[in-house]
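I opened this model to look up a few things about its sheet and helices. My notes follow in the order in which I made them.

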Number of protein chains: 2
Amino acid sequence: MSFAPLQNDTFLRACLRQATEHTPIWLMRQAGRYLPEYKATRAKAGSFMGLATNVDYATEVTLQPLERFPLDAAILFSDILTVPDAMGLGLTFALGEGPKFARHVRDEAAVDLLAVPDMDKLRYVFDAVTSIRRALNGRVPLIGFSGSPWTLACYMVEGGGSDDYRAVKTLMYSRPDLMHRILAINADAVAQYLNTQIEAGAQAVMVFDSWGGVLADGNFQDFSLAYTRRVLNQLKQEHNGARIPHIVFTKGGGLWLDDMNTLPCDVLGLDWTVNLSKARRQVGGDVGGPGKALQGNLDPNVLFAAPEQVATEAIRVLESFGLPHTDRSVPGPTHIFNLGHGISQFTPPEHVSALVEAVHNHSRQMRRMA
Amino acid sequence: MSFAPLQNDTFLRACLRQATEHTPIWLMRQAGRYLPEYKATRAKAGSFMGLATNVDYATEVTLQPLERFPLDAAILFSDILTVPDAMGLGLTFALGEGPKFARHVRDEAAVDLLAVPDMDKLRYVFDAVTSIRRALNGRVPLIGFSGSPWTLACYMVEGGGSDDYRAVKTLMYSRPDLMHRILAINADAVAQYLNTQIEAGAQAVMVFDSWGGVLADGNFQDFSLAYTRRVLNQLKQEHNGARIPHIVFTKGGGLWLDDMNTLPCDVLGLDWTVNLSKARRQVGGDVGGPGKALQGNLDPNVLFAAPEQVATEAIRVLESFGLPHTDRSVPGPTHIFNLGHGISQFTPPEHVSALVEAVHNHSRQMRRMA
């Protein structure tokens, strides 16, 4: 496969800790229900999975936010739970509710049935990646993604979302051996899944450890981080001569930044509870030395305030990270602007315009003032 | 008022960083739905508020867990939302659902109507405190409590629980002036409320900042911590010649331990994401020097595993804190065992027995081995 050359590589350079002219921005869940055009496509598709499994629809909604906002990256429209669905657990989304699995995994018999799925069952995802990459035509890079092994396990054991994680933690505390078996299978499946997305055209990949933050200290390291590492250790570093950055985001993982710093990945995503300035000192590295690029971390609820206040809060986040390094000859600390969680379905789209504009303008200004 | 002398002051001594023979233990929400005898009393009372506002019932359920388990403290049976209820917001609990307010506070007109309530409206709480203290007859100390100003504000603005805090954060980001007005009133109300509980017989008081952890870095300090400090600055340090320890628990506050260390309180509560050994180094202080006692931090979900596994995890928490100081002549680092959040209604009571026994036995053994 060959694709059009990239016109805006700001995001990819920032991922690799290379100096950029502005701070790139994209938003988790940037294609989604807050956009009326998304809702129109979803209505045509009939259901969430109808949307996600149809290459044309998935392509259409992935590009929608780029038509409105000068974002610096696109992210595959899909769901983090496609992998357990391909394992045969039967994923559905009832309207207005979260994901549900027809079967859950709570005992040894259910674990015995688990295996890394045939990647052919996820062909619709890889086809969507290729289709989106073509449709982007080099405008911005395309990010592929997956849920982390632990986050997938949460849904697989609970059978859906949870507010107390009782089922998955009961299994973890009473049968840690079974939990480790699930996580090992998930890790190998996620690695194959992300590698196949890379082959299909994804130019960066992100692991969403959405539920790592619910674990106790010690358990996070053993049941989440260890398996994210197992994924990363199997990932392609390059494809067709291009470096493929690897991003890891653990929601609620701020306490474990030192542990996460040991992961073989390029970028760490942070939620809004983290002080960016401290995080930069902790894991951002020095100019000329190794380190992690940082991605985040505006509270998505800021987008409910007026556009001027959105701009003020965006600037606060940029200033909290501080001036990214500007020496083009060496790597150094870089920042990718994002929310600290997915954008809310209730967000007014014009507030997103204000955000993107503020990030681009102010981050250019910071570099000029330097 | 005079009460029977205290027979077990282990908890109070540990709060004041004094050496104890064992690590005291009590559990957040220890009187509650996981106990069949609680359900029986609640059925008699008809509703949650019927239970909380009836002095005899509140006394009965507060003592129930002590009949089953040799816990080292009792905690007033009440709700964190009694104060906004007394402000006239109309608190109700539908069966199987969370709290709901009849009126919410989302605009200037609603804020204008807010004031520190007449403490007479909370007389049922103070009467319960005195009744429980009498019924305890010196067995263990009685803890009084309140929600933190920020946590109360979350419910007052949202009108109930929330999974995204959209309403309260929209107000905070768009009208910080109004949010500060709400928080100042809440802080002064909470201070009066806790001081009146102390006068009624509470021997320690705890501020539950249950939702502080949802705030962004920077906002936590301005909108939660500052008002918890305003409460603490007004609290009685002593009553009838006895020191009254002050406890602050911010769920999800582990990242801000250094900030919380500056609070004028005796004990900091921690959830399970925090490494107790690190927290001790950070805020526990040295033998002979100042510092905070630490309270926590077992994941309540551990209680769904088998009793032997519960014991193993409890020991892990004790060992993570390490040996508390043992010199009776000076203050030093101490640990109060607790969960990192309220006990689940689905907990098997016999697992709680295993927990209390393990904490008492192992913590005595640690001291003997020293």
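Predicted model: local features only at pLDDT ≥ 70, side-chain atom pairs only at ≥ 80, totals over all residues.

Residues are numbered from 1 along each chain as its sequence is written, and chains are lettered from A and ligands numbered from 1 in the order in which they are written.

I looked up α13(B) and found B:L276, B:A279, B:R280, B:V283 and B:G284 buried (20 or more other C-beta atoms within 10 Å of a residue's own, C-beta atoms being placed from the backbone). Seen down the axis of α13(B), these buried residues fall within an arc of 105°, so they line one face of the helix; the arc is that of the directions from the helix axis to the C-beta atoms. An α-helix has 3.6 residues a turn, so residues three or four places apart point the same way. The buried residues pack against α12 (257-260), β9, β10 and α14 (307-321) of chain B; contact is taken as C-beta atoms, placed from the backbone, within 7 Å. After α13(B) comes B:G285, with a positive phi near 75°.

Entry 2, the sheet. In what order do the strands of the open sheet of chain B run? I read β1-β4-β5-β8-β9-β10-β11, seven strands with parallel pairing; strands pair if DSSP finds at least two bridges between them. β1 (74-75) and β11 (335-339) of chain B stand at the edges with a single partner strand each, so one side of each has no neighbour in the sheet. Inside one pair, β4 (residues 142-147) and β5 (residues 204-209) of chain B are joined in the parallel sense over five bridges. There, B:S146 has B:V207 of β5(B) as its bridge partner.

I checked α14(B) against α15 (residues 349-369) of chain B: their axes come within 8 Å and cross at roughly 40°. Axes are lines fitted to C-alpha atoms, for helices over the stretch in contact, and angles run from 0 to 180 degrees between N-to-C directions.

I found 26 residues of chain B in contact with 26 residues of chain A. α9(B) gives the largest share of chain B's side, five residues.

How values were computed. Helix = DSSP H or I, 4+ residues; strand = E, 2+ residues; numbered from the N terminus. Buried ≥ 20, exposed ≤ 12 C-beta atoms within 10 Å, placed from the backbone. Contact = placed C-beta atoms within 7 Å.
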